[in-house]
Amino acid sequence: MDELTGQVLLEVAGGYDMHRLMEDGDLAGGGWINPAQVQQFLQQKGSYLAGYRDPAWGNKTAATLIVERSLAHGISPLYMLARIQIESSLIQSGTSANLAKATGCGCPDSGGCDTSYAGFGNQVECGAAKIRGYLRDLDAGRPTVSGWKVGLTKQTLDPCTVTPATKATAALYTYTPWVGAYALQCGRTTVGGSSLVSAVFNRYRTDYNWGSGCVVMGDIKAKYDAVNGPVLLGACQAGELATPDGVGRFNHFERGSIYWTPTLGAHVVLGAIRGKWEQLSWERGVLGYPITDELTTPDGRGRYNHFERGSIYWTAELGAWELHGDIRAKWEQLGWERSVLGYPKTGELVTPDGVGRYNHFENGSIYWTQATGAHEVRGLIHAKWVELGWEKSYLGYPVTDEQAAPDGVGRFSHFQKGSIYFTPATGAHAVVGDINALWVALSREAGLLGYPLTDETKTPDGVGRFNHFQNGSIYWTPTTGAHEVHGPIRAKWESMGWETGALGYPVRDEYAVTGGRESEFQRGFLTLTTATNTVTVRMK
């Protein structure tokens, strides 16, 4: 007797293979199974579910939910029937007990169930999504969240030492890490475990004539034929179904899906791009329905699908990532993956302050806020912004893309509170606040100071801030404001110890006097006599 469900266990089969509980095609197959068949099966078993409708899921029947939610995630409804039976006995029970934990999803052995998964429809959705997530990791060559993988030896909780021979087996042990009913050779057998899921699956497969048809028809069939479907997509796994929003129709195949709407037509979504779209909740997510088949990028390196509200781009090195909204529009404006940014390496993410959104790319980033719009940052300017702390730094968010300076020598990006300027000779440096305002007033790099040689830096006495430029400096304190010093006057001030010397900080920009130029400081003046190119000191 199974201590969890109270059902009588099957006789132990001596040759049962705990390393190969289920074939991949069994777990991800059954695409031809329809709600009418499941309804008849439930009636045959005297199941309470035969008369159940879930009010939280549009009053759909249990049979409809089992088929729709399983196939929506590319999981066999027959597997779902077996999972429901071993977790809650609802398939072969005439009572409503255990509806809230029908598939055991979100119900760890160590504690109670997560209430967010309560309810029959939620349980079926959760159970199918979890298994698909495990298979997605395994398809990508990664172990599952708990470390199961084909060919990797690991201990179950019985304990048994198991080396999964199929992805389906690794996925089952991730969901339920017990061999259970057929674990005589290595531990207790009173818990149903993953071996019982397999056994019930095999029994249910022969208890009813499920057939083997998988209907592909209409525009989806035309698309399947046009793309040489048997080669590209493989065999049909889910007969044509309505999407949850009622707008579209779809078929799942071994290696992808075809989705159709009356306005957009039928389009193919494959492989890792399909996996990313699934992760984003299919057509119900931010991207909507596909508007192209999967296509090769012009450089031949990547693949992509465009959707109603965005795109997913993939390369072998970076994987599949989504772009949408203003960030995608900016990337398109720059030339897609052929632009200076290259391919995306993240999806769109929220910034830590919650104000903005961004995508990172191979050679830079695009950042967006409602106030600033979407702008790209790249290269050494991007590296400097990263070094300073991204948008959390004193620069804030970008307000321009990277641009060439008018002299053709340098490049720059403007930010909310300053700028970063770059030349090959000077590197990339930030100018912000009042120092930046004065530099702007002096015509930036085209003025007398030239390009910045340092970021804004705190003075040794901790009172002021400064930037050095190619031809001078700007110094600032809260009491004196920002003022420039350059040429022989600056050289003399430097020789006297800068702001820590006898003169203190500058209080005026350099100005003309009879016979030369002069700068005023807190405690004196430096005067340049042009005829002799000498600088004299006059204290206040």
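Predicted model: local features only at pLDDT ≥ 70, side-chain atom pairs only at ≥ 80, totals over all residues.
**Strands, cores and an enclosed helix**

Residues are numbered from 1 along each chain as its sequence is written, and side-chain values rest on heavy atoms, with hydrogens and water left out.

Strands (E, at least two residues) and helices (H or I, at least four) are DSSP runs numbered from the N terminus, and two strands pair if DSSP finds at least two bridges between them. Strand β18 spans residues 411–415 and is joined by five bridges to β19 (residues 418–423), the two running antiparallel. Together β18 and β19 form a hairpin with two residues between them. Strand β17 (residues 403–404) also pairs with β18 in the antiparallel sense, over two bridges; here Gln403 stands opposite Phe412. The hairpin of β17 and β18 has six residues between the strands, and in this hairpin Gly408 takes a positive phi near 75 degrees.

Buried denotes under 20% relative accessible area, exposed over 50%, and partly exposed the range in between (1.4 Å probe, protein chains only). Four of the five residues of β18 are buried, so the strand is largely enclosed by the rest of the structure. Helix α3 is likewise largely enclosed, because eleven of its eleven residues are buried. Among them are Thr64, Glu68, Arg69 and Ser70. Just after α3, Gly74 takes a positive phi of about 70 degrees.

A nonpolar core is a set of buried Ala, Val, Leu, Ile, Met, Phe, Trp, Tyr and Cys residues joined through side-chain atoms within 4.5 Å. The largest such core has 69 residues, and those with the most contacts inside it are Leu49, Tyr79, Leu81 and Phe120. Elements that each supply at least two of its residues include α3 (62–72), α4 (77–88), α5 (120–139) and β5 (236–242). Helix α5 gives the most, with eight residues. Leaving aside neighbours within four places in sequence, Leu81 is in contact (heavy atoms within 4.5 Å) with Val38, Phe41, Leu42, Ile66, Ile91, Tyr204 and Trp210. A second, separate core of 13 residues includes Val377, Tyr397, Phe415 and Val432.

Tyr313 lies in strand β11 (residues 310–315) and is buried, with a relative accessible area of 3%. Its C-alpha atom is separated by 26 Å from that of Val399, 86 residues apart along the chain.
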